[in-house]
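Here is a short briefing on one protein chain. Look over the model first, then read the points below.

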Amino acid sequence: MDEYAQPLLSSAYAKKTPFLHSSAKWVLKIVMWGVFIFWVTIIFLFPTKPVNELIVKFIDISSGTVFGNTGSFFLVFSGPILIIAFLAVVYLLISHSWEHQLQKEKRTSKYPRIRLWTFPVLVDGPFGVVSAAEFIGILLFVAFIVWSVSAYTLENFSILAEFHLPTRLECYMMLELYGLHFGLIGLFCLAFLFLPIARGSVLLRLVDIPFEHATKYHIWLGHLTLFLFTLHGLLYVTAWTMEGRLLQEILDWEETGIAIIPGAISLLAGLLMWVTSLSPMAAGGIFLFMLDRFLRFCQSRRTVDIIAATCLPCGTVELVLSKPGNLRYNALSFIFLQVKELSWLQWHPFSVSSSPLDGKYHLSILIKVLGKWTEKLRGNIPNFCKEEQELPFQPHPKITASVEGPYGHQSPYHLMYENLVLVAGGIGISPFLAILSDILHSARENKTCLPTNILLLWAIKKSNELSLLSLVDVRSICPSFSDKLKIQIQIYVTRESEPPLEEGNIEKTVNSSVFPALKGQGMSALVGTGNNIWSGIYVILPVLGFVLFLGLLNSYYINPFGINTGWYTGLLFVLGMVASVVIFGGAVVGLWHLWESRISESEEFEDNQMKIGMMKHTNGSMEDNESNHKSLVSTSTIQYGCRPDFKEMFGSISESWGQVDVGVIVCGPPTLEASVAKECRSHNIRRRSHHPIFHFNSHSFDL
């Protein structure tokens, strides 16, 4: 079965209606772009007097409806992003069955071209590696801040001109006005703050930005938001201190607007301002984040069986986890893992090291021993192995886990390039093992649109890490791959000047344990990147439920009883968001779980047969590690006591590969990413007409 594409519509129907699909997608794109531009325009022009007065007038007119002022603010500032989320659900449903066709279209360009998302502009500095598209986004935010401050400055002077106050009072008033407006700008930044960290968000899937990349946008916005809120608080505190009424203002709990004392406590304690003074202007992104967090909570309740655990000579642990057949992922996905035998609180992210084509009912991860948690995990595996050997026919304890994910790119973007350069540092080889396995499986099945020219550059500290190569069983996957693919592997052992005397020792597995989990459970399919229909319903129904809650709340409680206390209505607004997520989202999760259970029951026999085969394969792989390793080493060039010279390598590629698009994927520490990004930028700027264009992609090394 093709794990990448599970069409919701039959292929025959899709062939009959390509024009309808294409037209529908274009219409959805235009509508979503229109809504997004409208939303951004409102935010950008809100500091101007005409737009501000227009919005205030609209809110005054609509305040008499069942949704009240809160609902009107929510509609203007958060409604557009939720509308885009609705449309994104429909777009993903339509586009999913055309994933391979989209990949084909992306690769049919006759000449290589620069792409904003893969062209590194900044490689050194506080932001890390920044692409051209990200740099444009940063400039737009800076322009928004500068524009807003300028517009509000003009407004502040016009307000002061109306009162004719003494200079000292003008100074106090100016500080308070600036404090007010910096807080307002911070609220607009808050509207974007939570959009990047919803791991299974339909918005991230729409633009195909994985959570691991989007987290840095959240960090950037978080620093900016807290800086603006800090200015907001400091300006007010300074003004009130100069006026001699600081204590009075802080302790005065106003019935309208935002309560001051919670904001002061949050500011002094370093907490986020929105916790105690949430505005409907920023509720859209927060609501989507709450939906994602609740779904993650439900998924992580499932106890997942670890089918096999293996300790490799370099100290790395390989875990094979059980999963349902209908849970999709790709070779660049990652999961969050909790092992309750080690800790009930700690969750750790790990890249998937297996291809979805390796097996329908399992996935693998590699864990390098770097801290106390990983040391405990590696230390427990030999104990389980010892118990198995001493009491082979007796029940023995097994390792279980809780899993969130898998997350990652909506599509396997490594298949977009015919030419690939994979650069790994240490355990950063993990996702590239998945990519190599994925490509080898696809080559064996004679699939089209695959990378045909692959260069893997791997820097490691010691030669015992070479045992990781044994995890890709080239002989059993595609023994004749050299007839279809050109794979070059260059390995650099940086802390050894020569090969070890007993080279065979590095190929032996230290400990391996296989757990007979025939009656156990696989990972839950309750994930935002899972079934498009259920994940779409999960987004839409709670939002509609929240709108219904606001209408009922205003009709039967707020308006009849004349409730107008600002902090209290804000609290009801937040409680409504939580209730909508739990009640309506919980109902969808329950039905989704029942559907998943029925699917799992129908696949139970096949699942059990797979696990028996998986155990046999794992036992057999321990005996075949040496031959597998040698088959990969035979295609590798190993250099000791040196590091890769990226300038020389990229120069050689430019001369030998010709005028093509080259996908460069890096997984390693920030210094490695910066070095590779710098060479990609340099060669793209200085390239000649017959040279390739390097497209830089980073697979996060450490979340």
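**Surface patch and backbone notes**

Trp33, Phe36 and Ile37 make a nonpolar surface patch of about 330 Å². Patches are made of residues with over 30% relative accessible area and no salt bridge; like charges are joined within 9 Å, nonpolar side chains (Val, Leu, Ile, Met, Phe, Trp, Tyr) within 5 Å. A salt bridge is a side-chain nitrogen of Lys or Arg within 4 Å of a carboxyl oxygen of Asp or Glu. Areas come from the Shrake-Rupley method with a 1.4 Å probe, and for residues only the protein chains shown count as cover.

This is a predicted model: local features need pLDDT of at least 70, side-chain atom pairs count only at pLDDT 80 or more, and totals for chains, interfaces and linings use all residues. Residues are numbered from 1 along each chain as its sequence is written, and side-chain values use heavy atoms, without hydrogens and water.

**Patch**
- Phe36 sits in helix α2 (residues 18-45). Helices (H or I, at least four residues) and strands (E, at least two) are DSSP runs, numbered from the N terminus.
- Phe36 is partly exposed, at 32% relative accessible area. Buried means under 20%, exposed over 50%, partly exposed in between (1.4 Å probe, protein chains only).

**Backbone**
- His164 has a positive phi, near 55°. His164 lies in the loop between α7 (132-163) and α8 (167-193).
- The Gly405 to Pro406 peptide bond is cis, with omega near 5°. Pro406 belongs to strand β8 (residues 400-407).

**Whole chain**
- The chain has 21 helices and 15 strands.
- Of its 703 residues, 53% are buried.
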